[in-house]
Amino acid sequence: MKFGGGVGVFTGLDHYKDLLTDGNLWRTVLPNTVFFAVACVALTVALGTLAALLLQRLGTTWRVICSTAIMAAWAMPAVTGTYVWVWLFSAGDGMMSQLAGSLGLIDPETTNWFTERLSFYAIATLNVVHHGFPFVAITVLAGLLTIPKELYEAGMIDGANAWQRFWKITVPTIKPIFLVVTILSTIWDFKVFTQIYLMPGGAGSNEEVLNLGVWSYQQAFALNDYGAGAATAVLLTLLLLLITIVYIRTLFKESDEL
């Protein structure tokens, strides 16, 4: 039924049947969504943790300056950040295109980073990670500052190197914080829409780069198939609910162990 009139026809589970039997879902859309989210979460948490460890080592003044600088990336609207990354990789005069061209890797005038699935999502991943890692960094830093220095001193006396101290002391002590930032990043990155939609070809003209969020929007508002778009949105919601359930169960398990 379209907005503004028409007669609604009950279709039962037909939209879900059509969705789950659509080869494009399993071949392109779902793999794009899942692998993109996994890559973004892994890189966001890793980079954010490294930034937090760096901030921990800085003095108060430099910590405030650097924290403010990285928070500027988080404060930047997703629309603005996306257009900056599109400009950096634009064909011809894009800074990254010019740099790669000067190294003899590509021809800046003929190479379009946004037409290929892999390069498209590599740029999208850089965009999402750049926008998301400050939250992880500040959150993990807050946890690091609660760890008693005596634990690290004891580890050094026992001969533990930097990696062993991180793995045996830091990770177990602030494990709940790592779980929180990982699950929240997963939820955010599974439902990424703006960063994909605003990139060239991401709005639907290039079907090889569709994810669940954009595909749902395209079906509902570009093709006027609101039932199919809603079914896709429900599928995405169910995936996020599953992730949330795992998150809550993990937190309760951690609480019981404590």
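Guide: Let us begin with Phe36, which, once its neighbours within four places in sequence are set aside, is in contact with Pro31, Tyr121, Ala124, Thr125, Val128, Asp189, Val192 and Ile196, contact meaning heavy atoms within 4.5 Å. Before going further, please keep in mind that this is a predicted model, in which local features need pLDDT of at least 70 and side-chain atom pairs count only at pLDDT 80 or more, while totals for chains, interfaces and linings use all residues. Residues are numbered from 1 along each chain as its sequence is written, and side-chain values rest on heavy atoms, with hydrogens and water left out.

Phe36 belongs to the largest nonpolar core, which has 34 residues and in which Phe36, Leu25, Ile196 and Leu212 are the members with the most contacts. Such a core is a set of buried Ala, Val, Leu, Ile, Met, Phe, Trp, Tyr and Cys residues joined through side-chain atoms within 4.5 Å, where buried means under 20% relative accessible area, exposed over 50% and partly exposed in between (1.4 Å probe, protein chains only). At least two residues of this core come from each of helix 2, helix 4, helix 6, helix 9 (175-190), helix 11 (212-222) and helix 12 (226-257); the helices are DSSP runs of H or I with at least four residues, strands are runs of E with at least two, and both are numbered from the N terminus. Apart from this core lies another, of 19 residues, including Phe133, Val140, Ile169 and Phe178.

Leu25 is found in helix 2 and counts as buried because its relative accessibility is 0%. Beyond four places in sequence, the residues in contact with Leu25 are Leu19, Leu20, Leu30, Pro31, Leu212, Trp215 and Leu235. Leu241, by contrast, is 216 residues from Leu25 along the chain, and their C-alpha atoms are separated by 19 Å.

Helix 2 also holds Ala51, which is counted as buried because its relative accessibility is 14%. Not counting residues up to four places away in sequence, Ala51 touches Phe133 and Ala137, and Phe133 is one of the residues of the 19-residue core. Between Ala51 and Ser67, which are 16 residues apart in sequence, the C-alpha to C-alpha separation is 9.3 Å.

The largest pocket contains about 530 Å³ of space, and of the 15 residues that line it, Leu53, Gln56, Arg57, Tyr152 and Thr170 are the closest to its centre. Two or more lining residues come from helix 2 (23-57), helix 7 (149-157) and helix 8 (162-173), and helix 8 gives the most, with five. On a 1 Å grid over the protein atoms alone, a pocket is an open set of points with protein on both sides within 12 Å along at least five of seven lines, a cavity is a set where a 1.4 Å probe fits but cannot get out, and lining residues have an atom within 4 Å of a point. Points are joined across faces, edges and corners, and a volume is the space filled by probe spheres set on them.

There is one cavity of 30 Å³ or more, with a volume of about 30 Å³, and its lining is made by Ala73, Met76, Gly81, Trp85, Asn127, His130 and His131. Helix 4 (78-88) and helix 6 (117-144) each give two or more residues to that lining, helix 6 contributing the most, with three.

Two local points remain. Cys40 is buried, at a relative accessible area of 0%, whereas Cys66 is partly exposed, at 25%, and the structure holds zero disulfides (pairs of cysteine sulfur atoms within 2.5 Å). In the loop between helix 11 and helix 12 sits Asn224, which has a positive phi of about 55 degrees although it is not a glycine and, at 38% relative accessibility, counts as partly exposed.

Seen as a whole, the protein has twelve helices and zero strands, and its C-alpha trace spans about 75 × 55 × 30 Å along the principal axes. Of its 258 residues, 39% are buried, and among contacts between residues at least 6 apart in sequence, 69% join residues at least 24 apart.
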